Structure formats: C-alpha cells, structure tokens
Amino acid sequence: MSFLSRKYPFPKSSHWLRDCMIYSIIVFLILYLLQPFGFSYYPGNKLLASLLFGGVTFGCCMVYGAATNPLHKIISPWRVWHEAISVLAMILFIGICNFIVFSFVFYRTYSLFACLLFLYWTLIIGIIITIISVSLNYYRHLRNQLETLLDKTTEEQADIMVTIHDTTVRGNDLELPINDLLYVEAQKNNVVVCFMNEGKADHREVHTTLSAVLDDLQPYENIFQCHRSFVVNLNNITSAQGNSNGYRLKLGNCPTEVPVSRTYVPKLRSFIA
C-alpha cells in the first residue's frame, strides 16, 4: 500500500503519437499472427481485419489520452495508484471498443454473459500488464530521478545553521547552513564533511565520529545514513543510479558519488512520499 501512495511525478510521454502507434501494431500482430478469440475462423481477409482492430486501438489510445491528459494537472500530486487506474482503464476502454468492432466483423450478437466473460479476461490480463508496466516505469525513472520523488525541506530549512563538533581539545567546530551540507564520510578517526561553499563543493576534515555527527543532526529528517561510512543530505540529491542492490547518489556540484548500500535501500525508499 505504501508503494501505491508514492508520487508518480513523471510527465505524460512527449511521444504519445508514437506510443499509440506501438500499441496498435502490437494488437495487429497478435491478431494476425496468433489469431486468438476464434479469429482464425474469420472467413474474410484477416490482414484487413487485423489492420482494422489495430486502427481501433490507435484511435482509442488517442481519444483516451486526450480525455485524461487534464487529470495530471488537476490531480496533484499524481501517485502510483492514479497511474495504475489510468493504465487499467485505458486497457478496458480499448478492449470494449475492440469487442464492439469484433461483433460487427463477425456479424454476431453477443449475450451479456459473453460480454462479461470478455471483460473478465480483459481485466485479468489488464491487471497483469498494469502491474508490470507501472512498476517497471516507476523503478526505471527511480534510478535517475530519485530527487523528484523526495519530499524536500530546503525552503523550511533556509535559515537553519548546524554545527559539527570537533572533539579535539582545541577543536575547531564546523558551522554551516544545513542546506549547504552535501554528505559526511567517515575516515579512520575523523570525518570528511562535503558542503557547498560559494557555489562550489568544498571539504573539511573534522575529528569526530559518524555516530556523533548523526547525534548532532538527529533533529533533521533529511539527514540520512545511506552507508556505514556515509551520511547524506537528501535535499541535495540531484541524481541516483542503481537498483535494489544499492544506489550511487550525486549531490549538488560534488563530483563524488555517494553509495547507498543494500542494507539502507529499503529505508531510503521509505523517504519517498
């Protein structure tokens, strides 16, 4: 259920015409090559009939896309369950239209039972296609657009200063705006703090431990331990690549990629709204 409520902020495909054409070609090839649903018994020209159903599919995709496109502007944020219902509804719409055309092509008057049976199987197949389509699309985008899925708190923390305490006797504490903090890396008895300084990534070594840094920054939910040696500021993620086995994060203008180990991937995803 938590996955269904996550944001699905990916825009409608800019190649909608191409996508509609692909769907229609798939329907055409399935009918012409596999000839399911008794299509093999059709006495007429099967090529033309297959082209007809492909054309109906193309028209349905165009009409459905035009009708539902405003929903992405009205419903904000657009979530995974919105996308799933939209895809499933499109499949059902295409199925119903093709069923009507099918009855004309075969000159048959179908009973309510036949119609319900057809919708039943369309729904079953549609659910499978929807799960695969939405999940693959979501995680494909997640690899490179993780930053668009995070509820960032940059504006709320605009005036907040944080201090990372140096534990040496004459320690020189590091104080900086929390929005400038990129990541902290543990190195032996010290940590290296990477932060933005006049538009460029800068580094400062502080004598402390990563656990002590986490204690200093504990009030801020956007400070996240992503690896046993790394802590990152989620607000500054600009891209992410990887999968369930781990991610590589880029933050701000910093050239270093910060790893997210497999252990911390589930926790990272829990931050996605």
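A residue counts as partly exposed when its relative accessible area lies between the buried limit of under 20% and the exposed limit of over 50%. Glu257, with a relative accessible area of 33%, is therefore partly exposed. The model discussed here is predicted. Its side chains form one salt bridge, three aromatic pairs and zero disulfides.

**Salt bridge**

- The partners in the salt bridge are Glu257 and Arg248, whose closest N and O atoms are 3.7 Å apart.
- Arg248 has a relative accessible area of 40% and is partly exposed, and Glu257 is likewise partly exposed, at 33%.

**Nonpolar core**

- The largest nonpolar core contains 20 residues.
- Tyr183, Val232, Leu249, Val258 and Val260 have the most contacts inside this core.
- Two or more residues of the core come from each of strands S3 (181–187), S4 (190–197), S6 (223–227), S7 (230–233), S8 (237–243), S9 (246–251) and S10 (257–261), and from helix H8 (265–270).
- Strand S9 gives the most to the core, with three residues.
- Beyond its neighbours within four places in sequence, Tyr183 is in contact with Val192, Val193, Cys194, His203, Phe230, Val231, Val232, Cys254, Thr256 and Val258.

**Aromatic pairs**

- Among the three aromatic pairs is the one between Phe28 and Tyr32, which is stacked because the ring centres are 5.7 Å apart and the planes meet at 5°.
- Phe28 and Tyr32 both lie in helix H1 (residues 16–34), four residues apart, so about one helical turn separates them.
- Phe28 is buried at 16% relative accessibility, whereas Tyr32 is partly exposed at 35%.
- Another pair, Tyr183 with Phe230, is tilted, with 5.9 Å from centre to centre and 50° between the planes.
- This second pair links distant parts of the chain, since Tyr183 is in strand S3 and Phe230 is in strand S7, 47 residues apart.
- Tyr183 and Phe230 are both buried.

**Cysteines**

- The closest cysteine sulfur to that of Cys97 belongs to Cys60, at 3.4 Å.
- A disulfide requires sulfur atoms within 2.5 Å, so the sulfurs of Cys97 and Cys60 are too far apart for a bond.
- Cys97 is buried, with a relative accessible area of 19%, a value that falls under the 20% limit.
- Cys226 is also buried, at 0% relative accessibility.

Methods:
Residues numbered from 1 in each chain as written. Predicted model: local features only at pLDDT ≥ 70, side-chain atom pairs only at ≥ 80, totals over all residues. Heavy atoms only, no water. Buried < 20%, exposed > 50% of the residue type's maximum accessible area, 1.4 Å probe, protein only. Core = buried A, V, L, I, M, F, W, Y, C linked by side-chain atoms within 4.5 Å. Contact = heavy atoms within 4.5 Å. Salt bridge = Lys/Arg side-chain N within 4 Å of Asp/Glu carboxyl O. Phe/Tyr/Trp six-rings, centres within 6.5 Å; stacked < 30°, edge-to-face > 60°.
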